[in-house]
Amino acid sequence: MERSHIVAVTSVLAALGAILPIAAAFYLSWSVATSREESRLTRLAEYAIMRADMAFGEATSALKAADGFRFTPCSQEHIAAMRTLVVTTRSIEDIGYFENDQLKCTSWGKPETTIARQQVDFTTANGIGVAARVHPTISNGRAMLGFRYRSYSALTDPARLVDVLASPDTRLAIASDTGTLVGALNDPDASLIKRLIEHPQTGSDADNLFAASTGSGWIAIATSSRASLLDDLGRERLLLLPLGAIVAALMVGLVFWLSRRRLSPLGELSIAVQRREFIVHYQPLIEMKTGICVGAEALVRWRRPDGSLVRPDTFIPLAEESGLIQAITDQVIDGVIKDLGPVLVADRSLHIAINLSADDIKSGRILPVIQAALANSGVLTEQIWLEATERGFMDVKSARATIEEARRLGHSVAIDDFGTGYSSLQYLQDLPLDALKIDKSFVDTVGLVSATSAVTPHIIDIAKSLNLYIVAEGIERQEQADYLLERGVHYGQGWLYSKALPAPEFIAFYNDSKRVRGAGPTVIRRDIPEVSPAVGGD
């Protein structure tokens with residue numbers, strides 16, 4: 001098995017060593033070519049802005065010069081002066097004079113028909129109105145760009161704004177900063193241009209590379225297709241293959257490092273916490289005298305995306321060691337309210353016990369978390385019991401503060417797995433607990449002759465002397481149940497009654513237990529005006 005494993009790993013590494021250099025070289029060459037193309041597109045867009053500023057500036061100067069004329073409108077001198085402006089201003093094709101929004105004359109003379117002045121699409125900061133698509137007679141139906149100032153309008157060929165040397169695959173568009181498209185080259189994609197006008201940026205999508213430039217009231221967009229990069233890739237690959245081999249080696253090491261980290265138990269657990277993969281199953285708690293289910297212990301389960309469950313004993317210690325247990329406990333609390341909130345509201349005699357970590361007992365941070373979860377749920381604080389193992393009580397001072405606050409809020413607090421930790425009797429005497437849970441390892445000895453078989457009655461006697469509720473865990477045989485009931489144990493849980501159940505199955509089990517037994521359970525509730533050491537038993 002070890003040999004085949006080594007062969008398999010070696011084969012994988014050999015394949016990676018052959019593939020990654022090529023992949024790295026391809027990626028780097030594509031990146032360099034992309035960066036170069038984006039830089040070229042940026043320069044084109046910036047040049048288009050410069051051309052637009054130039055054309056707009058020349059048209060503005062011509063319009064203001066015409067506005068200063070003192071000739072009789074549309075006289076021969078007036079028309080000649082406008083013609084001179086057109087001839088000497090490279091960026092305009094014609095100037096017209098309007099009265100009452102009707103064209104009276106142009107640099108070509110007087111019109112033969114009545115022509116109304118076209119409305120502008122936007123007005124610049126210096127008062128020049130711009131009409132993006134004007135169709136004058138002189139253009140033979142071709143759209144022109146109109147500039148308007150007082151009684152004069154000037155026409156410009158939009159191609160002047162995007163008159164740059166560019167390949168057919170390069171597309172250019174220029175628009176106002178209000179979003180009006182005023183010029184285009186090589187029929188750019190209308191939807192892409194519209195999106196980039198609204199949100200100017202440089203980058204790429206699945207089909208195109210693009211760059212945007214803004215300034216002086218204009219936005220210029222230059223684009224090209226990804227296919228146009230293919231011609232540049234060959235040269236880049238030849239240059240980058242040696243570097244690709246180095247990058248490939250680094251990538252192999254990085255992938256293995258990341259894989260080991262991600263696939264380590266802690267890595268998987270961290271991901272599970274982030275994805276909220278933890279669910280709650282409910283171990284029914286049975287009242288020994290009546291056989292009625294009075295509550296449940298909330299047990300966390302890790303359900304992987306494939307539906308498989310991870311055993312708690314494989315991840316709980318790691319979660320406690322790493323500090324992830326707090327986030328898991330929070331998910332358990334949320335799960336309890338979501339799963340059983342309506343049932344708890346409908347039956348106030350039902351309670352759910354939640355296990356707390358040692359850190360939660362020490363810091364007390366869990367209590368506000370529970371209160372926040374209960375807010376607006378209708379569930380009473382008294383219906384949420386808190387349990388912790390003896391390890392959680394090792395810092396007695398902090399544990400006492402947390403327990404006292406929990407009991408003040410209305411929670412009952414139980415010590416779990418009693419007898420398996422350290423200084424158990426000390427905890428019972430020093431801490432204001434409500435219940436004691438006898439660990440399964442002691443319940444297993446009932447009816448057997450073993451070194452620990454005498455411990456169970458001793459634990460029961462201790463709990464009775466301190467007026468604590470007694471809960472026996474891990475009851476699997478009727479003999480055990482009879483023994484515990486005879487000695488006054490209040491509650492039991494274990495496979496004799498039921499395994500831990502998902503929420504829907506637990507609700508059904510709970511309802512069936514009440515219906516079959518035909519009597520209500522003893523209400524488990526403490527009425528405590530102030531913190532007291534413990535609560536009465538029977």
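The structure is a predicted model, in which local features need pLDDT of at least 70 and side-chain atom pairs count only at pLDDT 80 or more, while totals for chains, interfaces and linings use all residues. Residues are numbered from 1 along each chain as its sequence is written, and side-chain values use heavy atoms, with hydrogens and water left out.

**Helix 10**

Select residues 396-409 next. Helices (H or I, at least four residues) and strands (E, at least two) are DSSP runs, numbered from the N terminus. Helix 10 has 14 residues and reaches 20 Å from its first C-alpha to its last, close to the 20 Å expected at 1.5 Å a residue (1.5 Å times one less than the number of residues). Colour A399, T402, I403, A406 and R407, the buried residues of this helix; buried means under 20% relative accessible area, exposed over 50%, and partly exposed in between, with a 1.4 Å probe and protein chains only. They lie on the same side of helix 10 because they cover an arc of only 130 degrees around the axis, taken from the directions from the helix axis to the C-beta atoms. K397 and R408, on the other side, are exposed. The buried residues pack against helix 8 (358-363), helix 9 (366-374), strand 16 (384-389) and strand 17 (413-418).

Move to the six strands that form an open, antiparallel sheet in the order 2-1-6-5-4-3; two strands pair if DSSP finds at least two bridges between them. Strand 2 (102-106) and strand 3 (122-123) stand at the edges with a single partner strand each, so one side of each has no neighbour in the sheet. Strand 1 (residues 94-99) pairs with strand 2 over four bridges, and Y97 has C105 as its bridge partner in strand 2.

**S91**

Select S91 in the loop between helix 2 and strand 1. S91 counts as buried because its relative accessibility is 5%. Apart from neighbours within four places in sequence, S91 is in contact (heavy atoms within 4.5 Å) with M54, A55, E58, L155, T156 and R160.

**The largest nonpolar core**

Finish at Y282 and F506, which touch the most other members among the 71 residues of the largest nonpolar core. Such a core is a set of buried Ala, Val, Leu, Ile, Met, Phe, Trp, Tyr and Cys residues joined through side-chain atoms within 4.5 Å. Helix 7 (residues 325-346) gives this core its largest share, nine residues.
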